[in-house]
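Subject: Structure for your review

Dear colleague,

Please find below the structure that I am handing over to you.

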Amino acid sequence: MTEPGEPSLGGTDDGRGSGAGSGGGGGYDATFRVWRGDASGGDLQTFTVPVNEGEVVLDVIHRLQATQAGDLAVRWNCKAGKCGSCSAEVNGRPRLMCLTRMSTFAEDETVTVTPLRTFPVIRDLVTDVSYNYEKAAQIPAFTPRPRDPDGNHRMQQVDVDRPQEFRKCIECFLCQDTCHVIRDHEDNKRAFAGPRFLIRLAELEMHPLDVRDRRDAAQDEFGLGYCNITKCCSEVCPEGIHLTDNGIIPLKERVADRRYDPLTWLGSKIGRRRPS
Amino acid sequence: MDFERHAYDVVVVGAGGAGLRAAIAAHEAGARTAVVCKSLLGKAHTVMAEGGIAAAMGNAWPEDGWRVHFRDTMRGGKMLNHWRMAQLHAQEAPDRVRELEDWGALFDRTPDGLISQRDFGGHRFARLAHVGDRTGLELIRTLQQRTVALGVDVFMECTVTRLLTDDEGVTGAFGYWRESGRFVAWEAPSVVLATGGIGKAYKVTSNSWEYTGDGHSLALQAGAGLVNMEFVQFHPTGMVWPPSVRGILVTESVRGDGGVLRNSAGNRFMFDYIPDYFRKETAETEDEADRWYDDKKNNRRPPELLPRDEVARAINSEVKAGRGSPHGGVFLDIASRRPAEYVRRRLPSMYHQFKELADVDITAEAMEVGPTCHYVMGGVEVDPDTAAAGVPGLFAAGEVAGGMHGSNRLGGNSLSDLLVFGRRAGAAAAEHAAKRSGLVALAEEALTDAARAALAPFEREGGENPYTVQQDLQQTMHDLVGIIRTAPEMEQALTRIAALRERVAALSVEGHRQYNPGWHLALDLPHLLVVSECIARAALEREESRGGHTRDDFPAADPEWGRTNLVCSRAADGAVTVARRPLPQMPPELAEVFEEAP
Amino acid sequence: MTATAPRGTGAVTPGRGDGGPAPRRATIAARTLRTDRWWVQPLVTVVVLVLFIAYSSFRAFQNAYYHAEPYISPFYSPCITTRCEGDSFPEFFTGPAWISPALYILVLPLGIRLTCYYYRKAYYRSFWLSPPACAVAEPHRRYTGETRLPLVGQNVHRYFLYAALVFNVILFYEAVRGFRDETGEWGHMGLGTLVLLVNAVLLFLYSISCHSCRHIVGGRLNDFSEHPLRYRAWTWVSRLNARHMQYAWTSLFAVAFADFYVLLLATDTIQDVRFF
Ligand code: SF4
Ligand code: SF4
Ligand code: FES
Ligand code: FES
């Protein structure tokens, strides 16, 4: 969620949204600038393309594909904001194309669609997101406590609420794209896992069944310290996950318990607190 | 030709729920396993599943058990299901769900801390394990994380275009990297098909572009049979407005949680469409239906929760009779029946979806919904216990396999189907591979031939663009082989499909091989055509109405057809043929289940 | 070379199949393609914070006009030297007269704000431009975030919170003292009392809504269901925490205003409004 008074990047409220279904219906011709090219170079190409009422950016890209540029590369699957495939940057903002309604743009506004900047481009709007899959594979796997004697796991809803928020993640990698730690510093990719995987660590840390301690790893291997909590990840998340407030900051606090807080450390040694 | 080559014991095609579950099972059985999928890992269509996983765990209702689930499944499928599949499915689903928790899944809980279970159409008891309304996402993420933790190799954005076989059975598969357009071949004694469905044959569908019937078509080409292809499920509630999201699913949980269907006059029309078959267990008055949500013991279910085929047909008739909503659907109303807070908590992603896509606040106004092509009951004919298809080394699980759901699938039974038969397929594939390892080799001519076929669209010039052909096919299926079918229309459809086949053969694509969606579609279209033909031929053959197959010219169910399966196969000359086969009969002990009190 | 990782590592990559060098990012020269006025937010933050710092430094060094019976400026509270104006407490020691008593204590309120998760976001973005706004390139060549000294020190935030809580008590105490009149008789209330009270309340809300506070009261637990009281406290703090940014700003304005009000009284510019 975007804090009031701040420009929103991921939200729907950019002041112009009049909403689909309102207004005079009917289509119009929009001007689109789409980045086309591959790793060896490319540029923004301008198209004039018809737009109908109620459409989203992805519809228009598909129309381009079907009528003007048959080989325009774009990734998509569900067209309903559920799979996280159609990530791109629309007018410089990381967005899901299928959730960006055309009604949020003025009819005479040029809409610029570019691939995610943080990742190597494959072709046109498609980028190589393998960085994310590599980081995912490095996270120490879920390690549950044994089941109850009757073969069930018992957990209370209040205990699963927190990790469930993070499991809403559709892996669109918009947060990874927008995070300046890697967006502006390619060399940090080695040491930093990105917000998506910091909340994955937070999820596992807060998982009522998990018995593993990932706090040291979070700091040393996944680069939690690189995050300066500037919250761009929370701003772009299409699932409305509060990455920073509910995931990254609590994780930083948990790491502080272990690393930077002599009192808590002492407490845990004497065994008053949760053993770590 | 020089290809990238790999050797595995088991190659799983498709990374949805069934594919990943199969890969996990094969890996755990010791097989060298690879998963090949058209999209990125974790994007498969399974993420779209909302409602839950049907499993008779008895957490909400101790009375529930596999026998009741089995009976519900069979009745929902109008008794055309393969009894053994329905039995295995009902028996094993609870364990498959519990095991997901060992891999990190976080289902919603009951007050005792067990997995919470929700009501769904056609299920006698509340039995869908769920996570809000994003259960599919939870399932796929859990399996994905497990697959990665085990270290299974995944070939992402890679499409299989051919299965390779010799006289002994499967020897491997051939495909291309979507990214580079380069070819790749896998040598493997076992291949598990888990490619999902065929929704892209229809104009209004809840399915993604991936659903082009690849697995159905690959199996057919390899010599396996497709059973029950005439049964296509139209989900009663898809979005109808705005046009660009037409077909996107509105989960059945909206109705399970209190939503009702109304026509333009504001009537709950479903009360007029209760079939005799379900009259005993369906409420007769609105009062009784409303009481059911709180007191399920003493009241009967609202008719909105009848099986999907019934509801879809009812909506279709209302719209045809001119009582539809402004954009050609009916109203699904939860706003006036439940507090806004409740709706947001129980149906968060529906709330989100309507807000984002249609700018409709479902806590304040009714949704407009109409039928959308959702699922194909038909698929590869398999052995229930091993998921083995007719060709040695070929296995199929999930939507691409047929038989489990008969003529109509109950909501929630798909996710459990994926898990139960995904695991069985993976294990059996590993076992088969152990016997055949070292005995398979890829035939060079077959590879060269597959490569040549894949490149053909580039060679041709001045042909049509594949998008137009796909649209025409979708229109044909929508108009002529849709929810309500008649013989003349289907005959016309077959003529058109034949014409489309020629157009596909003459297609040409622009650009080069690197990430070229036009080319990818051109290679998917032949699959789509052959499945469409199977659907049309089988539908023309079955002269009765049952489940997901409704004939205007034969409106009643026919007991004789109730004992008959239709199996499509490919003749030597490549033509699709349809044969009648007797339906496997269940043993008497099982048949007794249908006498038991509900 | 294959495009999948060797068996056992679990790494997965979208295939290139050519084994060539890692492809690069899309060539887009513009620093950002955002079309909105993304620079407004950081600019406003800079202006407001600079004004506040200028004013508060001036007042802290001024060493005068911070006391107007029965009120004391929050900048000087608690006033811990014997050289304080008025009869303040606790008169720990006597420092050189030229050192303003504010300087001994201001480090603590300054510390909590400097290490506050919200203010970190605000100043990293607006002063350090890291990043200036989401999806706008930052100007630095290298970036290590909070991984090394001095910024790794941000992890001691919780200790500043403890100190701030002590200050909160003192500020309430001072506000309550505002219910006495100039002669020390109870039963008085003036606008100044209200100003100090509001200031104390807002500062308290600021502290209690702190992310570290949220962690300490319950956030560090994984088994809420076993600790119903702490869970209640956590839910409560979580609700306040969602408004932490608002409290951060309003309490900042409140402190400055309270001080300014005392300044006006102390310089006899205005007279306190007496309610009773
Ligand atoms: S808050 Fe941290 S993780 Fe999120 S975008 Fe900013 S620096 Fe990256
Ligand atoms: S956390 Fe949000 S933005 Fe990041 S990948 Fe997940 S859904 Fe996308
Ligand atoms: S296409 Fe699935 S999120 Fe946009
Ligand atoms: S005071 Fe702001 S986070 Fe602690």
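The notes below go through the findings by topic.

Please bear in mind throughout that this is a predicted model.

Surroundings of ligand 1

Ligand 1 has a shell of 13 residues, and the closest of them are Cys179(A), Cys227(A), Thr230(A), Lys231(A) and Cys233(A). Three helices of chain A, namely α5 (180-183), α8 (232-236) and α9 (243-259), each contribute at least two residues to this shell. Sorted by class, the shell comprises eight nonpolar residues, four polar residues and one charged residue.

Aromatic rings

Over all chains, the structure contains 34 aromatic pairs. One of them joins Phe155(B) and Trp186(B) in an edge-to-face arrangement, with 5.4 Å from centre to centre and 85 degrees between the planes. Phe155(B) belongs to strand β7 (residues 153-156) of chain B and Trp186(B) to strand β10 (residues 183-187) of chain B, so this pair ties together parts that are 31 residues apart in sequence. Both Phe155(B) and Trp186(B) are buried.

In chain C, ring pairs connect Tyr118(C), Tyr119(C), Tyr206(C), Trp249(C) and Phe253(C) into a cluster.

Two arginines of chain B are also placed over ring faces. Arg409(B) lies over the face of Tyr375(B), 4.0 Å from the ring centre, and Arg513(B) lies over the face of Phe183(B), 4.6 Å from the ring centre.

Annotated spans of chain C

An unreviewed UniProt entry annotates residues 38-58, 98-119, 159-176, 188-206 and 247-266 of chain C as "transmembrane region". In the model, residues 98-119 of chain C are 77% helix and 0% strand, with 31 Å between the end C-alpha atoms. Residues 159-176 of chain C are 100% helix and 0% strand, and their end C-alpha atoms lie 26 Å apart.

Helix α11 of chain B

Which residues of helix α11 (residues 348-358) of chain B are buried? They are Ser349(B), Met350(B), Gln353(B), Phe354(B), Glu356(B), Leu357(B) and Ala358(B). The elements that cover these buried residues of α11(B) include β13 (232-239), α6 (253-256) and β16 (367-376) of chain B. Just after α11(B), Asp359(B) adopts a positive phi of about 55 degrees.

Yours sincerely

Conventions
Residues numbered from 1 in each chain as written. Chains lettered and ligands numbered in written order. Predicted model: local features only at pLDDT ≥ 70, side-chain atom pairs only at ≥ 80, totals over all residues. Heavy atoms only, no water. Near = heavy atom within 4 Å. Helix = DSSP H or I, 4+ residues; strand = E, 2+ residues; numbered from the N terminus. Nonpolar A, V, L, I, M, F, W, Y, C, P; charged D, E, K, R; others polar. Phe/Tyr/Trp six-rings, centres within 6.5 Å; stacked < 30°, edge-to-face > 60°. Buried < 20%, exposed > 50% of the residue type's maximum accessible area, 1.4 Å probe, protein only. Lys NZ or Arg CZ within 6 Å of the ring centre and 35° of its normal. UniProt positions renumbered as here; feature names shortened; annotations may be inferred. Contact = heavy atoms within 4.5 Å.
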